[in-house]
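I opened this notebook to record what I looked up in the structure. The entries follow in the order in which I made them.

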Amino acid sequence: MHRRTLAGLAVLPLVATARHAAAQLAAFPSRSVRLIVPYPPGGGVDVATRIIAEPLTQLLGQQVVVENRSGAAGAIGIEAMANAPPDGHTLCMVAPGPITVGPHLRPHPYDPFALAHVARLVGAPLILVVRRDLPAADIPALVQLVRAQAEGVRFASGGPGTGTHMTGELFALRAGGKMLHVPYRGAAPALTDLVAGQVDLYFSDSSALPFVRQGQLRALAVTTRERWAGLPEVPALAETLDGFDIANWNGVSAPPGTPASVVARLAEVFRAGLADPTVAPRLEAAGFENSFLAGASLAEFIRAESGVWAEVIRTAGIRLG
């Protein structure tokens, strides 16, 4: 009898925890959900977020409000999310820069591994775009230009420590030269200056596609190992620089301590949002592919990619001045 009593007492905390989790999930969401975009309006992350967010209001039964909070290469928006109550009502779209790259270069106001990562949503290669009159028609010619003009080739980025910054530094390293880094606060201003000829090249997300299609910029390559269906005529960088393989991705994260039941519910809602028949064709037209990943597989992916960028930064000796 005494053993049965002890066993029963041991089960009580588990039952209480399960009931508490069920109550939290039943109460979620109890008000509108804020979805922060840590970059300026008009960039690829902003475009993808607004497409994906449209069906979420109906799926959650509460209004989903998209809010742009740019600055510090995405860190300001993520910090705002990380400091919000961990109840699932404040989320943030994330990208490699502030999650797997930037924290290796300078202190960040959040721990990327402590965030409650909900899901990786979309992915795409970065597109190496150049100003129309750059005297390099292909990657071999661009490599020669970079080698011949030490820091004379100006490459834009979405900010210091972003994925676009690191990809530019990696390209210069693999090309055997050095380029001058010109940081911006996101894709939109970087592309504006590239079109105007103020910089020479940019490793852009899909927000460069309209400029390429209108002839305002030239696309020389994509950064994934294989050619991309969105620009099938454009070669992969790996065709010239063997092994070059960088993919861009965007996902959604919640504050540290968000209940696992709420994180799982959000992951399923975002999965359903991506499957909405009105969403997929619009994402494809904007240059994105569904790359949904959640749970333990997502955590493993983030740690692995963080390790890759840490090694690139160490090998290249990259420092933020």
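I began with the contacts of Ile-76, taking contact as heavy atoms within 4.5 Å. Leaving aside residues up to four places away in sequence, Ile-76 touches Arg-69, Ser-70 and Gly-71. The model is predicted, so I note that local features need pLDDT of at least 70, side-chain atom pairs count only at pLDDT 80 or more, and totals for chains, interfaces and linings use all residues. Residues are numbered from 1 along each chain as its sequence is written, and side-chain values use heavy atoms, without hydrogens and water.

I placed Ile-76 in helix H4 (residues 75-82); helices (H or I, at least four residues) and strands (E, at least two) are DSSP runs, numbered from the N terminus. Ile-76 counts as partly exposed because its relative accessibility is 36%, where buried means under 20%, exposed over 50% and partly exposed in between (1.4 Å probe, protein chains only).

I then turned to the sheet. Six strands form an open sheet with mixed pairing, in the order S2-S1-S3-S10-S4-S11; two strands pair if DSSP finds at least two bridges between them. S2 and strand S11 (289-294) are the edge strands, each pairing on one side only. S1 and S3 run parallel and are joined by three bridges. I found Ile-36 opposite Cys-92 in S3.

Last, I listed the contacts of Leu-121. Not counting residues up to four places away in sequence, Leu-121 touches several residues, among them Ile-52, Met-93, Val-252, Phe-270 and Phe-292.
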